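This report describes selected helices, strands and ring contacts of one protein model. Please keep the sequence and the structure in view while reading.

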Amino acid sequence: MNRRVAPPLPETALDTATLERFYRDLCRIRRFDERVIELFNTGVVKGTAHSCVGQEAIAVGACAALDERDYIVSHHRGHGHCIAKGADMTRMMAELMGRATGYCGGLGGSMHIAALDKGILGANGIVGAGIGLGSGAALSAQMRKSGQVALAFFGDGAANEGLFHEAFNMAALWKLPMIYFCENNQYGLSTPMAASTSIDRLSKRAAAYGMPGETIDGNDVVAVYEAVAKAVARARAGDGPSFIEAMTWRWGDHSMRANLPKYRADAEEAEWRAKDALLRAATRLSERQVLPARIASLLDEANIEIEAAIEEAKAAPEPTIEALLPAVSAPHAVVASEPGPAAADGRDISYVEAIREAIDQEMARDDSVFVIGEDVGRIGGIFACTRGLIDKYGPERLRDTPISENAISTFAVGAAATGLRPIVEIQIFDFVTLMMDSIVNQAAKFRYMLGGVPKMPIVFRGPQGGGIRLAAQHSQSLEAWFCHVPGLVVMAPSTPYDAKGLLTAAIRDDNPVVFLEHKLLYVQSKGPVPTSPYAIPIGKADIKRAGSDVTVVATMAMVAPALAAARELARDGIEVEVIDPRTLRPLDTETILESVRKTHRLVVVHEGWTKWGFGAEVAAMVMEEAFDWLDAPVARIGMRDVPMPYNDTLERAVIPSQADIAAACRAVLYR
């Protein structure tokens, strides 16, 4: 280790024992990553990893200012944060080696390593994602009145992501107990900050959001500790978030696999190596009259601990394929039976009223349930699905937000990871494109990446589909996107009864649910709904009409025209069985297969585009599982392969109709 003399550091009030602990942790992190590099080069650590050598003071100083119960969210260069927050290095090494005893069971690796028992909510392979996840954890702490603080580490590159600005604004607006900590190592992969950022210091941006911001020496562990301690005190006092920018420099390349051309100058490297955090910490100890032998022993202790961790991790078993599926999703609650529409005792309500009643009853039952979204509180949503609930539950649980879809959804994921059950209202479902990372990369994968341990109880709900002349960017049916993603539950109710029972099940489930509400059903659907709370089993289809000649599988707004087509065909002696899957993922394949084995024919109808759509999966499943029972090719009906037009005549022409469904049934019957 380099023992050049470092420049003197200002004296600090911290006692010598604390400074020794800081130095020991600096050594542990340095040696951990040095050994990881060696293990990667010899093929023991596979995949990739990102070294934090050169940036150790940030992890040690920041985490020393936090309590064990506080949260941190890391980034792809997160080994040091985990070690400094108290993670077990044997389990960390096992994870990097892909072993079953690792923190994530070998399913997450370096970029996703976490230790939930230590408040470490995980590293993240998506640049800047931790900014939102950490903010959600801070929101959760604030709502639970737990006194916890959250800290998100991120690099200078993440400061140019949109989530940076959305999160800063919302956190300041709500005075969240949040610390944003930028490890400015001055390169976003290979691009220098001067070529990517319009200001010389990122901390200047804090003023725009009404929070304190400062730039500190990120290689001085004491300076880091003092800055974070001040921000923690501010957060715990209820004064809101702070932004700390720590100037530092990573010694290695972007990643251990990068193999990039040289993009940093030798003089720059020499300048920053002279500012080595370990050298400076050792100098401070020497100034406290700590003997060289004692300083050396702290490094030796770290070496011994790490070598023992490596040997134990090497001996650990690898995970088996049986570990995969249970890690994807938490078990669904067992619902023995559902009451059925007859239990409504003659009470008919609208689809919107059914949605509102489910939310109301679950919020009354469980204090951890809250609604977050644009205009959900004061006006109750543009389609009135939460109207009046703010009067019962207040603005904290009916939480109006800025127009910031990325922050809304990512905050909710962080809140779900830390004990709450958020319901995210997507004002118009087409806007979900601005939430895709939080749904597909964060919520859907959170449990899996962390080894199948955590729960992710969150509902993303909102209106989709056409029929009310909102044109191409407000009328899409996007269920196929989410049905494709393991870890998500996708629900699509077609009646008020199903809407209430499925939404109740969704809110109670421990998995992320994409809950689709068709806009036409908001304005057209009314039906019997029991007053008492009830849940519909997840993954259980409903046979809306029994028949013997042809099976029609229809979803959402297509169920009503399918039933109308069945009544029309019955006049010609054709008996159609109409099945509403209700839950699209997981799909009740057995109910569909049993029907096809009876009718020998299948028509699948949905409003989404036919090509690559939900119907293609149903058709393929039936062809694979019930081919010998089919007496005709499977027919698929969906929207024409164009965006939704504005003109009302054209809109009706591109959406499947009763006539289209009846014609398809006749075609598979060769009539």
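The charged end of which residue sits over the ring of Trp251? That residue is Arg30, whose charged end is 4.5 Å from the ring centre, and a charge is said to sit over a ring if NZ of Lys or CZ of Arg is within 6 Å of the ring centre and within 35 degrees of the ring normal. A further case is Arg597, with its charged end over the ring of Trp629. The two cases are set out in the table.

| Charged residue | Ring | Distance to ring centre |
|---|---|---|
| Arg30 | Trp251 | 4.5 Å |
| Arg597 | Trp629 | 5.2 Å |

The model is predicted, and for that reason local features need pLDDT of at least 70 and side-chain atom pairs count only at pLDDT 80 or more, while totals for chains, interfaces and linings use all residues. Residues are numbered from 1 along each chain as its sequence is written, and side-chain values use heavy atoms, with hydrogens and water left out.

Helices (H or I, at least four residues) and strands (E, at least two) are DSSP runs, numbered from the N terminus. Helix α6 covers residues 162-174, and its 13 residues should span 18 Å at 1.5 Å a residue, which agrees with the 19 Å between its end C-alpha atoms; the expected span is 1.5 Å times one less than the number of residues. Within α6, Leu163, Phe164, Ala167, Phe168, Met170, Ala171, Ala172 and Trp174 are buried, where buried means under 20% relative accessible area, exposed over 50% and partly exposed in between (1.4 Å probe, protein chains only). After α6 comes Lys175, which has a positive phi, near 50°.

Rings of Phe, Tyr and Trp (its six-membered ring) pair if their centres lie within 6.5 Å, with planes under 30 degrees apart counted as stacked, over 60 as edge-to-face and the rest as tilted. By this rule the count comes to 16 aromatic pairs. In one of them, the ring centres of Phe168 and Phe243 are 5.1 Å apart and the planes stand at 80°, so the pair is edge-to-face. Phe168 belongs to helix α6 and Phe243 to strand β7 (residues 242-247), so this pair ties together parts that are 75 residues apart in sequence. Phe168 is buried, with a relative accessible area of 0%, and Phe243 is buried as well, at 1%. Both rings belong to a cluster in which ring pairs link Phe154, Phe164, Phe168, Tyr180, Tyr209 and Phe243.

**Strand β2 and its partners**

Strand β2 (residues 150-155) has 5 of its 6 residues buried, so it is largely enclosed by the rest of the structure. Two strands pair if DSSP finds at least two bridges between them. Strand β1 (residues 71-73) pairs with β2 in the parallel sense over 3 bridges, and here Val73 stands opposite Ala152. Strand β3 (residues 178-184) also pairs with β2 in the parallel sense, over 6 bridges, with Phe153 opposite Phe181. The chain passes from β2 through α6 to β3 in a right-handed β-α-β crossover, a term that applies if, with the strands pointing away from the viewer, the path from the first strand over the helix to the second runs clockwise.

**The sheet of 7 strands**

An open sheet with mixed pairing has its 7 strands in the order β10-β9-β11-β12-β14-β13-β19. Its edge strands, each pairing on one side only, are β10 (398-400) and β19 (583-585).

In strand β12 (residues 458-464), 7 of the 7 residues are buried. Ile458, Phe460, Gly462 and Gln464 point one way from this strand, whereas Val459, Arg461 and Pro463 point the other way. Strand β11 (residues 421-425) pairs with β12 in the parallel sense over 3 bridges, and Glu425 stands opposite Arg461. Together with helix α15 (residues 436-449), β11 and β12 make a right-handed β-α-β unit. β12 also pairs with β14 in the parallel sense, over 7 bridges, and there Arg461 stands opposite Phe515. Strand β14 (residues 512-518) runs parallel to strand β13 (residues 489-491), to which 3 bridges join it, and in this pairing Met491 stands opposite Phe515.
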